[in-house]
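Please read it alongside the sequence and the coordinates.

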Amino acid sequence: MWTDPVVVENFYKKYDPKKKEYACENVNFFAGSNSITGLLGQNGAGKSTLLKAIAGFHYATEGTISVCGCTDLPDIRKNVAFVPEIPVLDRSLTVKELLFLEASLSGNEGSQSCRGIVDRAVEICALNEVFLERVSKLSRGFLQRVSLAKSICRKTKVIVMDEFSSGLDPVQNALIRRQIVELAKTKTIILSTHHIEEAQNLCNKVYIMTKGMVVGNGTVDEVVSFSGCRNLEEAFIRLTGN
C-alpha cells in the first residue's frame, strides 16, 4: 500500500469523449512528504491536466487519485492549495485583507491563530512592504508572491504550483525558489515547469512528460542514468523525442 501524500495510478483524462486523444494517458505519479516533486515538459505535455486533477478540479476519466488518503474531489480540495500560473486574486482588497480572509475561511480559529498564520506567510514571501497595499497596485512579481502566501494561509499539507516562474524576472524567481525550499520543510510541494534548470535545482524528484505521458521519472541522477545521457537537458531531449 502506498503511503505517499499524493498517489496517482493509471490516470487517464479525456476532455471530449467523442475524440480519441487523451490529455493524459496511463500516468503514475507519487509525491512524498516534505519534498519537492517537479513535472517537466513543454507546453501541451499534460502537466496542467495532471496538476488540476491532483488539486481536485476534475475527475479522472480512468484511474485513481489519492491525496492525503482522500479520493473524492471535495475532500481532495480541502487538502490541496493550488497556485495557478496567472494569480487569481481579489484586486479590490489589500494584501492584509486578502490573507486574513483566506486564513479565516480555511478554518483557522480565532484572530490570534489567523494572525500567526498570516505573519508566517508574509515572512516567507517577503510581503511586509506591500502588506497594506491594494492587490490592484502590485507588480507581477508581488502578485505571484501574494498568490503563494494565500496558499500558505490554507490548512493544507500539499501545495500545487502550475508554472510558478512564468513572467518573473531573475531576482523574483530566485526569491520564490527560496520560498519553495522553505515550504518543503513541512509540506508536499508539486510544481510544473518547462525550465530544466528549475527542475534540476529545486526538485527531489522529477517526472518528464510529453504528449500526455510520463516518459521518465526519478531523481535527476536517476533520470540521467536511465536515459544514458550526460545531464538532465540531454535526457529531456532524448526522452521527449525533441
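Two strands are said to pair if DSSP finds at least two bridges between them, and helices (H or I, at least four residues) and strands (E, at least two) are DSSP runs numbered from the N terminus. The model is predicted, so that local features need pLDDT of at least 70 and side-chain atom pairs count only at pLDDT 80 or more, while totals for chains, interfaces and linings use all residues. Residues are numbered from 1 along each chain as its sequence is written, and side-chain values use heavy atoms, with hydrogens and water left out.

**Overall form**

- The protein chain has nine helices and nine strands, and its C-alpha atoms fill a box of roughly 50 × 40 × 35 Å along the principal axes.
- For 242 residues a compact globule would have a radius of gyration near 18 Å, and the protein chain, with 18 Å, agrees with that expectation; the radius is taken over C-alpha atoms, and the globule rule is 2.2 Å times the number of residues to the power 0.38.

**The three-stranded sheet**

- Strands in the order β2-β1-β4 form an open sheet of three with antiparallel pairing, in which β2 (24-31) and β4 (62-67) are the edge strands, each pairing on one side only.
- Neighbouring strands of this sheet are turned by 15° against each other on average, direction ignored; axes are lines fitted to C-alpha atoms, for helices over the stretch in contact, and angles run from 0 to 180 degrees between N-to-C directions.
- Strand β1 (residues 6-13) is joined to β2 by five bridges, the two strands running antiparallel, and the bridge partner of Val-8 in β2 is Phe-29.
- Helix α1 (residues 47-54) packs on this sheet and touches β1, β2 and β4, its direction making about 125° with that of β1, where contact means heavy atoms within 4.5 Å.

- Helix α3 (residues 95-105) and helix α5 (residues 140-152) pack at about 25° with their axes 8 Å apart, which makes α3 roughly parallel to α5; angles under 35 degrees count as roughly parallel, over 145 as roughly antiparallel, 65 to 115 as roughly perpendicular and the rest as oblique.
- In this contact Val-95, Leu-98, Leu-99 and Glu-102 of α3 meet Val-146, Ala-149 and Lys-150 of α5, a set that divides into five nonpolar, no polar and two charged residues; Ala, Val, Leu, Ile, Met, Phe, Trp, Tyr, Cys and Pro count as nonpolar, Asp, Glu, Lys and Arg as charged, and the others, Gly among them, as polar.
- The axes of α5 and α6 come within 10 Å and cross at roughly 10°, and α5 is therefore roughly parallel to α6.
- On the α5 side Gly-141, Gln-144, Arg-145, Leu-148 and Ile-152 take part, and they meet Gln-172, Leu-175, Ile-176, Gln-179 and Leu-183 of α6; by class, this contact has five nonpolar, four polar and one charged residues.

**Helix packing: α8 and α9**

- Helix α8 (residues 220-227) and helix α9 (residues 232-240) pack at an angle of about 55° with their axes 9 Å apart, and α8 and α9 are therefore oblique to each other.
- Val-220, Val-223, Val-224, Phe-226 and Ser-227 of α8 meet Leu-232, Ala-235, Arg-238 and Leu-239 of α9, and by class the contact has seven nonpolar, one polar and one charged residues.
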